[in-house]
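Hello,

Here is the structure we spoke about. Please load it before you read on.

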Amino acid sequence: MYHETNQTEGSSQSKPSGDDLVLVQFKGHRKGYYHNRQKVDLKVGQYCLVEADRGCDMGRISYIGPGSRDWWAVANQQGVMSAASSSDLARLHNNRGDEWEFWDICHEKITDRRLKMNLVSVERQFDHKKITFFFTAEKRVDFRELVRDLASVFRTRIELRQIGVRDEARLKGGLGICGREFCCSSFLHEFVPVTLKMAKVQQLPLNPGKLSGPCGRLRCCLTYEQESYQAIRQRLPRVGARLSTPDGRGTVRKLDLVREMVSVTVVGMDS
């Protein structure tokens, strides 16, 4: 048997009251939102069992609280089942060991079928009812035969999920140029669009080597102060604008957004 899926967004629902939203982190920094509707006694840092695709999965709790409306749109559809026991932790450890073997088998099958895809990671669902293989590829790949090959070996549901280079960086993790863990692997819950216009607004040098992260895409941190820089630019005159100064009328030559100052060229003198 085999199974192919695409990621879909949860339907919008109202946000329940209380601190019953639980954010759970799985292998490869994958995160999920769950409703603790059974009022299970949980703590941050603890492992718990949660509802998953046709079964259950297990991850580490990184947040417990009221959450946001967007989080609840997903959490309302899946809940926490119980806190993890010592035997559950042992099984999770064994699953991680098996995944190395699964990776080798899948890589061999990819090579045999000469598929142009790069295997990134393997994740076995806690209850052994599904194995997910994450891969990258430059183009769409027809992996139906590969799914059948893997299903005949593992005798369980198989999912092959094509991801982008930003998702690959999040799965693998690492340290950024700032010396801290990748934002996508630590606190970011979802990717937001990052454009070169943001760098221009912030007056950053348009050097791809300095603006790009390890994934090869523009750094996520370009979005963090974007609103502040936009607000400052709205308060300051534009470059080329004519204005009056104590020394006479002049033309705006340069903006200093950090200090919120402008350089003005006055006729007959520089300032």
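Below are notes on a helix pair and a pocket.

The model is predicted.

Helix pair first. Helix 2 spans residues 86–112, and helix 3 spans residues 144–154. Their axes come within 10 Å. They cross at roughly 140°. Angles over 145 degrees would count as roughly antiparallel. Helix 2 and helix 3 are therefore classed as oblique to each other. The crossing of helix 2 past helix 3 is right-handed.

Which residues meet there? On the helix 2 side they are F102, I105, C106, K109 and I110. Helix 3 brings L146, D149, L150, V153 and F154. By class, this contact has eight nonpolar residues and two charged ones, with no polar residues.

What is the lining made of, by class? For the second largest pocket it has 13 nonpolar, five charged and two polar residues.

Best wishes

Technical notes
Residues are numbered from 1 along each chain as its sequence is written. This is a predicted model: local features need pLDDT of at least 70, side-chain atom pairs count only at pLDDT 80 or more; totals for chains, interfaces and linings use all residues. Side-chain values use heavy atoms; hydrogens and water are left out. Ala, Val, Leu, Ile, Met, Phe, Trp, Tyr, Cys and Pro count as nonpolar, Asp, Glu, Lys and Arg as charged, and the others, Gly among them, as polar. Axes are lines fitted to C-alpha atoms, for helices over the stretch in contact, and angles run from 0 to 180 degrees between N-to-C directions. Helices (H or I, at least four residues) and strands (E, at least two) are DSSP runs, numbered from the N terminus. Angles under 35 degrees count as roughly parallel, over 145 as roughly antiparallel, 65 to 115 as roughly perpendicular and the rest as oblique. A crossing is left-handed if the near helix is turned anticlockwise from the far one by less than a right angle, and right-handed if clockwise. Contact means heavy atoms within 4.5 Å.
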